[in-house]
Amino acid sequence: MTARTACADLPTFTVSPADDSFCQNPYPVYRQMRDLGPAFFWRDYGHVTFAGYEEVNALLRDRRFGREITHIMAREEAGLPPIPEHLEPFYAFEANSMLEREPPAHTRLRTLVTRAFVSRNIARLTPQIETLANELIEAFPAGEFDLLPSFCEKIPVFVIADLLGVPRDMADQLLEWSHAMVAMYQFNRDRAAEDRAVEAMNAFSAYVQKVAGERRKKPRNDLITALVEARDSGNRLSEQELVTTVILLLNAGHEATVHALGNAIKALLETNMGSDSRFGDPEHLPDQVEELLRFDPPLHLFNRFVLEDCTFAGVRLQQGQSVGLLLGSANRDPRRYPSPDRLDFVRGGKGHVAFGAGIHFCLGAPLARLEISAALPLLFNRLPDLHIIENPVYADRYHFHGLKKLMVAG
């Protein structure tokens, strides 16, 4: 524990995100965390953590906090450990990701891809997503089956692959690379997971470079072509930034949405609200989607660095310090959402922080919302007798919160 992470005047909380009881249902623990006050020291992570809605929402938008710290101070000054030699390639790759950068680099990278993800452009994908959902439903096996690989995984990866211009028959390989890479952000990663992440990053990068080379010779109407043209026209996009951006879009474009779809379907089946005739009504569907995202979001913890000495919510923080923002807890804060542990389409989930907020608000939020709103009403309309036949189990992948499998019949 370093001087930049320890806060002697804050309450301390200890719970390992790898504990099965926490993994399966973290929400009772979040209540205990919120009861500690605006902030507490999470010993297992070694950083100050904020769990209430007001604090998390405000901190996400506060420019005194950011995803990057090494642009203003050295790693050792911030109390960060040296990068192990075997992980140097991965961190060099991540250094080009808009997810890990602050302005002006973040602004430049995000601007290049924002247009493809604005709501009016994404809305055009509705017929494509509905067609895909219907095709997947038609292909469901008879009897019992796992809905995650049959439905929840395929919709996001096929849609983002189509946008980027990657063949759908690469889906399984993309998922394998993606799972290996995002394991770097899990609480309980080990050396084997780190080695797999570096291997996947190298293979994924080589594939994207190959596709980019093909687009230079034969452009198409896809996002990879647009990024190649931005790179080659001197629009301030380096070759490595191009590769990292494509991989980020593929990973982020489906990883969280898979969990969002699975968690939403689980919630709808457990409450029988999916079979309610009011579910999927066009007038109320947007609010229903927001409530599903609030109720059981796919990402539960984001981190920020303190960019300048400051006091936030009465807590003194030092430049370089890492702080945790509990999105999953904020979305269940009763001060913001009365009876937060109940799925409530009447109250709704307006203002939830499942996608973050501020300049790092999830770029793919419009696409994720569309995939949920287009696919789920079709699923429940076509399979009104769909039901869970085995207790759903969440995967040990915190800070992600998603199911390991979802066995259903109907």
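**View 1. Phe187 and its partner Tyr45 in the predicted model.** Phe187 has a relative accessibility of 27%, so Phe187 counts as partly exposed. Tyr45 is also partly exposed, with a value of 24%. The ring centres of Tyr45 and Phe187 lie 5.1 Å apart, and the planes meet at 65 degrees, so this pair is edge-to-face; the cut-off for that label is over 60 degrees. Tyr45 belongs to the loop between β2 (39–42) and β3 (47–50), while Phe187 belongs to the loop between α10 (171–182) and α11 (191–217). The pair therefore ties together parts that are 142 residues apart in sequence.

**View 2. The aromatic pair of Phe50 and Phe312.** This pair is edge-to-face, with 5.3 Å from centre to centre and 90 degrees between the planes. Phe50 is in strand β3 and Phe312 in strand β7 (residues 310–312), so the pair links parts of the chain that are 262 residues apart. Both Phe50 and Phe312 are buried.

**View 3. An aromatic cluster that includes Tyr45 and Phe187.** For the structure, the count of aromatic pairs comes to 21.

**View 4. Arg332 over the ring of Tyr27.** The charged end of Arg332 is placed over the Tyr27 ring, 3.6 Å from the ring centre.

**View 5. Arg294 over the face of Tyr337.** Here the distance from Arg294 to the centre of the Tyr337 ring is 5.2 Å.

Note on methods
Residues are numbered from 1 along each chain as its sequence is written. This is a predicted model: local features need pLDDT of at least 70, side-chain atom pairs count only at pLDDT 80 or more; totals for chains, interfaces and linings use all residues. Side-chain values use heavy atoms; hydrogens and water are left out. Rings of Phe, Tyr and Trp (its six-membered ring) pair if their centres lie within 6.5 Å; planes under 30 degrees apart count as stacked, over 60 as edge-to-face and the rest as tilted. Helices (H or I, at least four residues) and strands (E, at least two) are DSSP runs, numbered from the N terminus. Buried means under 20% relative accessible area, exposed over 50%, partly exposed in between (1.4 Å probe, protein chains only). A charge sits over a ring if NZ of Lys or CZ of Arg is within 6 Å of the ring centre and within 35 degrees of the ring normal.
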